Amino acid sequence: MTDRILLSSPHMGGTEQKYVQEAFDTNWIAPLGANVNGFEAELAQYVGSAAASATSAGTAAIHLALDLLDVQAGDTVFCSSLTFIASANPILYLGATPVFIDSEDTTWNMSPQALEKAFEDAQATNTMPKAVIVVNLYGQSARMDEILDICNRYGVPVVEDAAESLGSTYKGKHSGTFGKFGIYSFNGNKIITTSGGGMLVSDDEELINRSRFKATQARDAAKHYQHSVVGYNYRMSNIVAGIGRGQLEVLDARVAKKREIFDTYEKALSQIDGLTMMPELENTFSNRWLSTLTLDPQKVNVTPYALIDALDAANIEARPVWKPLHMQPLFDGCKFFAHSDEDVVSERLFAQGICLPSDTKMTEQQQQLVIDVIKNTIVS
Ligand SMILES: *Cc1c(COP(=O)(O)O)cnc(C)c1O
(Lines give C-alpha, C1' and ligand atoms only; values in the text may rest on other atoms or scores of the structure.)
Protein backbone atom coordinates (compact mmCIF):
# COMPACT_ATOMS: atom_id res chain seq x y z
CA MET A 1 0.00 0.00 0.00
CA THR A 2 2.75 2.46 -0.87
CA ASP A 3 0.77 3.88 -3.81
CA ARG A 4 -0.91 7.19 -3.18
CA ILE A 5 -4.70 7.01 -3.23
CA LEU A 6 -5.81 9.65 -5.71
CA LEU A 7 -8.82 11.92 -6.01
CA SER A 8 -9.57 10.94 -9.63
CA SER A 9 -7.05 9.73 -12.17
CA PRO A 10 -7.22 8.50 -15.77
CA HIS A 11 -8.76 5.04 -16.13
CA MET A 12 -8.46 3.56 -19.59
CA GLY A 13 -11.01 1.00 -20.76
CA GLY A 14 -8.86 -0.98 -23.18
CA THR A 15 -10.13 -0.06 -26.64
CA GLU A 16 -8.63 3.44 -26.76
CA GLN A 17 -5.42 2.25 -28.45
CA LYS A 18 -7.40 0.50 -31.19
CA TYR A 19 -8.85 3.86 -32.28
CA VAL A 20 -5.47 5.57 -31.96
CA GLN A 21 -3.90 2.76 -34.02
CA GLU A 22 -6.50 3.29 -36.74
CA ALA A 23 -5.47 6.92 -36.89
CA PHE A 24 -1.83 5.86 -37.31
CA ASP A 25 -2.70 3.19 -39.89
CA THR A 26 -4.56 5.69 -42.06
CA ASN A 27 -2.06 8.50 -41.28
CA TRP A 28 -4.95 10.64 -40.01
CA ILE A 29 -2.69 11.92 -37.24
CA ALA A 30 -3.93 15.42 -37.86
CA PRO A 31 -5.93 17.41 -38.53
CA LEU A 32 -9.33 16.04 -37.61
CA GLY A 33 -10.35 12.72 -39.27
CA ALA A 34 -12.61 9.75 -38.56
CA ASN A 35 -12.06 9.68 -34.81
CA VAL A 36 -13.05 13.34 -34.40
CA ASN A 37 -16.20 12.80 -36.48
CA GLY A 38 -16.94 9.55 -34.68
CA PHE A 39 -16.36 10.97 -31.20
CA GLU A 40 -18.60 13.95 -31.94
CA ALA A 41 -21.41 11.80 -33.31
CA GLU A 42 -21.14 9.21 -30.54
CA LEU A 43 -21.11 11.78 -27.74
CA ALA A 44 -24.02 13.73 -29.27
CA GLN A 45 -25.96 10.46 -29.53
CA TYR A 46 -25.09 9.51 -25.93
CA VAL A 47 -26.32 12.77 -24.40
CA GLY A 48 -29.17 13.24 -26.86
CA SER A 49 -27.96 16.47 -28.39
CA ALA A 50 -28.41 17.38 -32.06
CA ALA A 51 -24.75 18.24 -32.65
CA ALA A 52 -21.35 18.32 -30.96
CA SER A 53 -17.97 19.76 -31.78
CA ALA A 54 -14.78 18.43 -30.19
CA THR A 55 -12.35 20.99 -28.80
CA SER A 56 -8.85 21.09 -27.36
CA ALA A 57 -10.23 21.71 -23.84
CA GLY A 58 -13.43 22.30 -21.94
CA THR A 59 -12.26 25.86 -21.35
CA ALA A 60 -11.99 26.35 -25.13
CA ALA A 61 -15.58 25.10 -25.50
CA ILE A 62 -16.80 27.71 -22.99
CA HIS A 63 -14.84 30.42 -24.81
CA LEU A 64 -16.43 29.39 -28.14
CA ALA A 65 -19.92 29.28 -26.59
CA LEU A 66 -19.60 32.82 -25.23
CA ASP A 67 -18.11 34.06 -28.49
CA LEU A 68 -21.02 32.54 -30.45
CA LEU A 69 -23.45 34.24 -28.06
CA ASP A 70 -21.79 37.49 -29.09
CA VAL A 71 -20.22 38.27 -25.71
CA GLN A 72 -17.99 41.29 -26.26
CA ALA A 73 -15.80 43.66 -24.29
CA GLY A 74 -17.87 45.54 -21.74
CA ASP A 75 -20.70 42.98 -21.67
CA THR A 76 -21.87 41.24 -18.51
CA VAL A 77 -21.96 37.46 -18.02
CA PHE A 78 -23.49 35.74 -14.96
CA CYS A 79 -21.65 32.70 -13.62
CA SER A 80 -21.96 30.26 -10.71
CA SER A 81 -19.52 31.29 -7.99
CA LEU A 82 -18.78 27.87 -6.51
CA THR A 83 -16.76 26.38 -9.36
CA PHE A 84 -13.33 25.88 -10.88
CA ILE A 85 -11.73 28.99 -12.37
CA ALA A 86 -12.12 27.60 -15.92
CA SER A 87 -15.86 28.33 -15.84
CA ALA A 88 -15.18 32.08 -15.71
CA ASN A 89 -11.79 32.65 -17.35
CA PRO A 90 -13.32 32.81 -20.86
CA ILE A 91 -15.48 35.76 -19.71
CA LEU A 92 -12.24 37.65 -19.14
CA TYR A 93 -10.72 36.45 -22.47
CA LEU A 94 -13.57 38.33 -24.17
CA GLY A 95 -13.13 41.45 -22.06
CA ALA A 96 -16.54 40.98 -20.43
CA THR A 97 -17.40 41.41 -16.76
CA PRO A 98 -18.46 38.44 -14.62
CA VAL A 99 -21.19 38.68 -12.01
CA PHE A 100 -21.15 35.77 -9.58
CA ILE A 101 -24.20 33.90 -8.29
CA ASP A 102 -24.28 32.01 -4.99
CA SER A 103 -25.21 28.35 -4.45
CA GLU A 104 -28.20 26.79 -2.71
CA ASP A 105 -28.15 23.77 -0.39
CA THR A 106 -30.09 21.07 -2.28
CA THR A 107 -27.63 20.95 -5.20
CA TRP A 108 -24.65 23.13 -4.11
CA ASN A 109 -25.22 24.79 -7.50
CA MET A 110 -26.64 28.12 -8.66
CA SER A 111 -29.33 29.52 -6.36
CA PRO A 112 -32.42 30.51 -8.39
CA GLN A 113 -33.20 33.02 -5.63
CA ALA A 114 -29.79 34.70 -6.00
CA LEU A 115 -30.10 34.56 -9.80
CA GLU A 116 -33.41 36.42 -9.64
CA LYS A 117 -31.81 39.13 -7.49
CA ALA A 118 -28.94 39.45 -9.94
CA PHE A 119 -31.40 39.91 -12.84
CA GLU A 120 -33.36 42.54 -10.91
CA ASP A 121 -30.12 44.43 -10.29
CA ALA A 122 -29.06 44.06 -13.93
CA GLN A 123 -32.36 45.46 -15.10
CA ALA A 124 -32.13 48.39 -12.70
CA THR A 125 -28.54 49.20 -13.70
CA ASN A 126 -28.99 48.49 -17.42
CA THR A 127 -26.36 45.74 -17.40
CA MET A 128 -28.37 42.73 -18.62
CA PRO A 129 -26.06 39.76 -19.17
CA LYS A 130 -25.40 38.27 -22.60
CA ALA A 131 -25.24 34.78 -21.09
CA VAL A 132 -25.58 32.81 -17.85
CA ILE A 133 -23.01 30.09 -17.14
CA VAL A 134 -24.59 27.41 -14.94
CA VAL A 135 -22.21 24.85 -13.43
CA ASN A 136 -23.11 21.29 -12.37
CA LEU A 137 -20.72 20.65 -9.51
CA TYR A 138 -19.13 17.26 -8.80
CA GLY A 139 -21.73 15.61 -11.07
CA GLN A 140 -24.86 17.11 -9.49
CA SER A 141 -27.21 18.98 -11.86
CA ALA A 142 -28.28 22.46 -10.88
CA ARG A 143 -32.01 23.21 -10.45
CA MET A 144 -32.41 23.58 -14.21
CA ASP A 145 -36.20 24.08 -14.34
CA GLU A 146 -36.12 27.08 -12.01
CA ILE A 147 -32.96 28.51 -13.57
CA LEU A 148 -34.25 28.16 -17.14
CA ASP A 149 -37.59 29.71 -16.15
CA ILE A 150 -35.81 32.81 -14.88
CA CYS A 151 -33.38 33.05 -17.80
CA ASN A 152 -36.16 32.56 -20.35
CA ARG A 153 -38.24 35.23 -18.66
CA TYR A 154 -35.35 37.68 -19.11
CA GLY A 155 -34.51 36.29 -22.55
CA VAL A 156 -30.91 35.41 -21.71
CA PRO A 157 -29.29 32.19 -23.03
CA VAL A 158 -27.74 29.57 -20.73
CA VAL A 159 -24.35 27.92 -21.19
CA GLU A 160 -24.33 24.72 -19.15
CA ASP A 161 -20.89 23.90 -17.77
CA ALA A 162 -21.21 20.12 -17.53
CA ALA A 163 -17.44 19.57 -17.37
CA GLU A 164 -17.93 17.53 -14.20
CA SER A 165 -21.35 16.00 -14.95
CA LEU A 166 -21.06 13.91 -18.12
CA GLY A 167 -23.30 10.88 -17.61
CA SER A 168 -25.56 12.62 -15.08
CA THR A 169 -29.23 13.29 -15.73
CA TYR A 170 -31.86 15.78 -14.60
CA LYS A 171 -35.44 14.49 -14.86
CA GLY A 172 -34.20 11.83 -17.26
CA LYS A 173 -32.43 14.24 -19.62
CA HIS A 174 -28.65 14.42 -19.86
CA SER A 175 -26.76 17.07 -17.97
CA GLY A 176 -25.26 19.52 -20.46
CA THR A 177 -28.26 19.50 -22.82
CA PHE A 178 -30.43 22.13 -21.14
CA GLY A 179 -28.92 25.42 -22.25
CA LYS A 180 -28.30 26.97 -25.65
CA PHE A 181 -24.88 25.33 -25.31
CA GLY A 182 -23.45 22.66 -23.06
CA ILE A 183 -19.79 21.91 -22.54
CA TYR A 184 -17.90 18.82 -21.34
CA SER A 185 -14.27 18.33 -20.34
CA PHE A 186 -11.97 15.36 -20.90
CA ASN A 187 -9.17 16.69 -18.72
CA GLY A 188 -7.12 14.03 -16.91
CA ASN A 189 -9.13 14.08 -13.69
CA LYS A 190 -12.62 14.03 -15.25
CA ILE A 191 -14.93 11.00 -15.35
CA ILE A 192 -13.55 10.09 -18.77
CA THR A 193 -10.42 11.61 -20.25
CA THR A 194 -8.73 12.03 -23.61
CA SER A 195 -5.56 13.27 -21.85
CA GLY A 196 -7.02 16.72 -22.44
CA GLY A 197 -9.95 17.95 -24.49
CA GLY A 198 -13.51 19.16 -24.45
CA MET A 199 -16.82 19.13 -26.30
CA LEU A 200 -19.36 21.80 -27.18
CA VAL A 201 -22.93 20.57 -27.70
CA SER A 202 -26.11 22.28 -28.86
CA ASP A 203 -29.43 21.45 -30.48
CA ASP A 204 -28.67 24.24 -32.94
CA GLU A 205 -26.59 22.56 -35.66
CA GLU A 206 -25.91 25.88 -37.35
CA LEU A 207 -24.24 27.16 -34.20
CA ILE A 208 -22.14 24.01 -33.89
CA ASN A 209 -21.03 24.39 -37.51
CA ARG A 210 -20.15 27.97 -36.75
CA SER A 211 -18.16 26.83 -33.72
CA ARG A 212 -16.10 24.48 -35.92
CA PHE A 213 -15.37 27.40 -38.25
CA LYS A 214 -14.37 29.64 -35.33
CA ALA A 215 -12.25 26.86 -33.82
CA THR A 216 -10.17 26.49 -37.00
CA GLN A 217 -8.99 30.10 -37.37
CA ALA A 218 -12.26 31.26 -38.98
CA ARG A 219 -11.06 30.72 -42.52
CA ASP A 220 -13.47 31.99 -45.16
CA ALA A 221 -14.41 29.89 -48.18
CA ALA A 222 -11.77 31.07 -50.63
CA LYS A 223 -8.82 29.48 -52.47
CA HIS A 224 -6.39 31.77 -50.68
CA TYR A 225 -6.23 32.36 -46.93
CA GLN A 226 -8.95 34.86 -46.14
CA HIS A 227 -10.33 35.85 -42.73
CA SER A 228 -13.14 38.24 -41.84
CA VAL A 229 -13.64 37.52 -38.15
CA VAL A 230 -11.43 36.48 -35.27
CA GLY A 231 -10.86 32.74 -34.90
CA TYR A 232 -9.12 30.28 -32.61
CA ASN A 233 -7.10 27.09 -32.87
CA TYR A 234 -9.35 25.01 -30.65
CA ARG A 235 -10.14 21.77 -32.50
CA MET A 236 -9.40 18.37 -30.98
CA SER A 237 -6.83 16.22 -32.77
CA ASN A 238 -7.74 12.88 -34.35
CA ILE A 239 -5.36 11.02 -32.01
CA VAL A 240 -6.93 12.54 -28.91
CA ALA A 241 -10.45 11.84 -30.23
CA GLY A 242 -9.49 8.16 -30.59
CA ILE A 243 -8.89 8.01 -26.85
CA GLY A 244 -12.27 9.65 -26.33
CA ARG A 245 -14.11 7.05 -28.45
CA GLY A 246 -12.65 4.26 -26.33
CA GLN A 247 -13.44 6.11 -23.10
CA LEU A 248 -17.05 6.71 -24.14
CA GLU A 249 -17.52 2.92 -24.27
CA VAL A 250 -16.77 2.69 -20.53
CA LEU A 251 -18.52 5.87 -19.38
CA ASP A 252 -21.55 4.05 -17.94
CA ALA A 253 -19.26 1.65 -16.08
CA ARG A 254 -17.31 4.60 -14.64
CA VAL A 255 -20.52 6.29 -13.50
CA ALA A 256 -21.66 3.06 -11.81
CA LYS A 257 -18.29 2.72 -10.05
CA LYS A 258 -18.26 6.37 -8.92
CA ARG A 259 -21.74 5.91 -7.44
CA GLU A 260 -20.64 2.71 -5.69
CA ILE A 261 -17.67 4.60 -4.17
CA PHE A 262 -20.03 7.33 -2.95
CA ASP A 263 -22.46 4.77 -1.45
CA THR A 264 -19.63 3.03 0.38
CA TYR A 265 -18.53 6.32 1.95
CA GLU A 266 -22.10 7.20 2.81
CA LYS A 267 -22.77 3.87 4.54
CA ALA A 268 -19.55 4.04 6.52
CA LEU A 269 -19.51 7.73 7.44
CA SER A 270 -22.97 9.25 7.49
CA GLN A 271 -23.73 8.14 11.05
CA ILE A 272 -20.96 10.47 12.25
CA ASP A 273 -22.80 13.40 13.83
CA GLY A 274 -22.03 16.60 11.92
CA LEU A 275 -20.76 14.85 8.78
CA THR A 276 -23.06 15.25 5.75
CA MET A 277 -22.53 13.75 2.32
CA MET A 278 -23.30 15.93 -0.72
CA PRO A 279 -27.03 15.70 -1.50
CA GLU A 280 -28.58 14.36 -4.69
CA LEU A 281 -31.59 16.38 -5.78
CA GLU A 282 -34.72 14.28 -6.33
CA ASN A 283 -35.36 13.32 -9.96
CA THR A 284 -31.68 13.75 -10.72
CA PHE A 285 -28.97 11.15 -11.17
CA SER A 286 -25.45 12.30 -10.35
CA ASN A 287 -22.36 10.68 -11.84
CA ARG A 288 -20.79 11.30 -8.38
CA TRP A 289 -17.58 12.42 -10.08
CA LEU A 290 -16.13 13.30 -6.68
CA SER A 291 -17.51 12.03 -3.38
CA THR A 292 -17.85 15.17 -1.32
CA LEU A 293 -18.99 15.94 2.22
CA THR A 294 -19.24 18.76 4.72
CA LEU A 295 -18.20 18.90 8.38
CA ASP A 296 -20.35 20.98 10.70
CA PRO A 297 -17.89 22.94 12.91
CA GLN A 298 -20.47 22.99 15.73
CA LYS A 299 -20.41 19.21 15.93
CA VAL A 300 -17.11 18.03 14.50
CA ASN A 301 -13.86 18.77 16.29
CA VAL A 302 -11.72 18.66 13.15
CA THR A 303 -11.47 21.27 10.43
CA PRO A 304 -11.50 20.18 6.78
CA TYR A 305 -7.84 21.25 6.49
CA ALA A 306 -6.86 19.09 9.49
CA LEU A 307 -8.68 16.11 7.98
CA ILE A 308 -7.02 16.70 4.60
CA ASP A 309 -3.64 16.77 6.38
CA ALA A 310 -4.40 13.55 8.28
CA LEU A 311 -5.35 11.86 5.00
CA ASP A 312 -2.23 13.22 3.34
CA ALA A 313 -0.07 11.75 6.10
CA ALA A 314 -1.57 8.36 5.17
CA ASN A 315 -0.69 9.02 1.51
CA ILE A 316 -4.28 9.80 0.56
CA GLU A 317 -5.22 12.74 -1.66
CA ALA A 318 -8.20 14.85 -0.54
CA ARG A 319 -9.04 18.46 -1.43
CA PRO A 320 -11.15 21.34 -0.19
CA VAL A 321 -14.28 22.20 -2.14
CA TRP A 322 -13.70 24.83 -4.87
CA LYS A 323 -12.98 28.26 -3.45
CA PRO A 324 -15.86 30.49 -4.64
CA LEU A 325 -14.84 32.74 -7.50
CA HIS A 326 -16.23 35.87 -5.82
CA MET A 327 -13.56 35.28 -3.12
CA GLN A 328 -10.69 35.02 -5.64
CA PRO A 329 -8.22 37.92 -5.85
CA LEU A 330 -8.61 37.78 -9.66
CA PHE A 331 -12.24 38.84 -9.30
CA ASP A 332 -11.81 41.53 -6.66
CA GLY A 333 -14.57 44.10 -7.06
CA CYS A 334 -16.88 41.91 -9.16
CA LYS A 335 -20.54 41.82 -8.18
CA PHE A 336 -21.82 38.82 -6.23
CA PHE A 337 -25.39 37.88 -5.30
CA ALA A 338 -25.85 35.75 -2.16
CA HIS A 339 -28.59 33.18 -1.62
CA SER A 340 -29.84 35.24 1.33
CA ASP A 341 -28.64 38.05 3.58
CA GLU A 342 -28.01 35.63 6.47
CA ASP A 343 -26.44 32.80 4.53
CA VAL A 344 -23.78 32.81 1.84
CA VAL A 345 -24.08 29.16 0.88
CA SER A 346 -20.98 28.91 -1.35
CA GLU A 347 -18.77 30.39 1.39
CA ARG A 348 -20.16 27.93 3.93
CA LEU A 349 -19.63 24.96 1.58
CA PHE A 350 -16.06 26.14 0.95
CA ALA A 351 -15.39 26.45 4.69
CA GLN A 352 -16.88 23.05 5.52
CA GLY A 353 -16.40 20.87 2.42
CA ILE A 354 -13.94 18.11 1.50
CA CYS A 355 -13.57 16.07 -1.69
CA LEU A 356 -12.57 12.47 -0.97
CA PRO A 357 -10.62 10.09 -3.20
CA SER A 358 -13.07 8.91 -5.87
CA ASP A 359 -10.69 7.12 -8.16
CA THR A 360 -12.44 4.32 -10.07
CA LYS A 361 -9.24 2.24 -9.87
CA MET A 362 -9.25 2.44 -6.06
CA THR A 363 -9.53 -1.01 -4.42
CA GLU A 364 -11.99 -1.86 -1.63
CA GLN A 365 -9.07 -2.05 0.81
CA GLN A 366 -7.85 1.38 -0.24
CA GLN A 367 -11.27 2.91 0.26
CA GLN A 368 -11.50 1.19 3.64
CA LEU A 369 -8.18 2.83 4.59
CA VAL A 370 -9.62 6.25 3.66
CA ILE A 371 -12.68 5.51 5.80
CA ASP A 372 -10.55 4.34 8.75
CA VAL A 373 -8.39 7.46 8.68
CA ILE A 374 -11.50 9.69 8.59
CA LYS A 375 -13.14 7.81 11.47
CA ASN A 376 -9.96 7.88 13.54
CA THR A 377 -9.39 11.59 12.92
CA ILE A 378 -12.89 12.82 13.67
CA VAL A 379 -13.64 12.89 17.37
CA SER A 380 -17.23 13.99 17.57
C1 LIG B 1 -12.45 20.86 -15.60
C2 LIG B 1 -13.43 21.94 -15.62
C3 LIG B 1 -13.47 22.88 -16.66
C4 LIG B 1 -12.43 23.03 -17.72
O5 LIG B 1 -12.14 21.95 -18.49
P6 LIG B 1 -10.71 21.81 -19.19
O7 LIG B 1 -10.94 20.69 -20.14
O8 LIG B 1 -9.73 21.46 -18.11
O9 LIG B 1 -10.38 23.08 -19.87
C10 LIG B 1 -14.50 23.82 -16.67
N11 LIG B 1 -15.41 23.87 -15.70
C12 LIG B 1 -15.39 23.01 -14.65
C13 LIG B 1 -16.45 23.11 -13.62
C14 LIG B 1 -14.39 22.04 -14.57
O15 LIG B 1 -14.35 21.21 -13.52
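Tutor: Ala, Val, Leu, Ile, Met, Phe, Trp, Tyr, Cys and Pro count as nonpolar, Asp, Glu, Lys and Arg as charged, and the others, Gly among them, as polar. This is a predicted model, in which local features need pLDDT of at least 70 and side-chain atom pairs count only at pLDDT 80 or more, while totals for chains, interfaces and linings use all residues. Residues are numbered from 1 along each chain as its sequence is written, and side-chain values use heavy atoms, with hydrogens and water left out.

Student: How is empty space found?

Tutor: Rolling a probe the size of a water molecule over the atoms shows where empty space is left. On a 1 Å grid over the protein atoms alone, a cavity is a set of points where a 1.4 Å probe fits but cannot get out; a pocket is an open set with protein on both sides within 12 Å along at least five of seven lines; lining residues have an atom within 4 Å of a point. Points are joined across faces, edges and corners, and a volume is the space filled by probe spheres set on them.

Student: What volume does the largest pocket have?

Tutor: About 280 Å³. Its lining has 20 residues, with F84, A86, A163, S185 and K190 nearest the centre. By class, eight are nonpolar, nine polar and three charged.

Student: Which space does the ligand take?

Tutor: A molecule sits in a pocket if more than half of its atoms lie within 2 Å of the pocket's grid points. Here the ligand takes the largest pocket. A residue is near a molecule if one of its heavy atoms lies within 4 Å of it. The ligand is surrounded by 15 residues, and T59, D161, E164, S185 and K190 are the closest.

Student: Which atoms pair up with the ligand?

Tutor: A polar contact is a pair of N or O atoms within 3.5 Å. A polar side-chain atom of T59 is 2.5 Å from a ligand oxygen, and one of D161 is 2.8 Å from a ligand nitrogen. For K190, a side-chain N or O atom is 3.2 Å from an oxygen of the ligand.

Student: Which residues line the second largest pocket?

Tutor: Among them are L6, Y138, W289, E317 and R319. The pocket's volume is about 190 Å³, and its lining divides into eight nonpolar, two polar and two charged residues.

Student: How many cavities of 30 Å³ or more are there?

Tutor: One. The largest cavity has a volume of about 60 Å³, and its lining includes S8, H11, K190, Q247 and R254.

Note on methods
A polar contact is a pair of N or O atoms within 3.5 Å; within protein, one must be able to donate a hydrogen and the other to accept it, and residues adjacent in sequence count only if both atoms are side-chain atoms.
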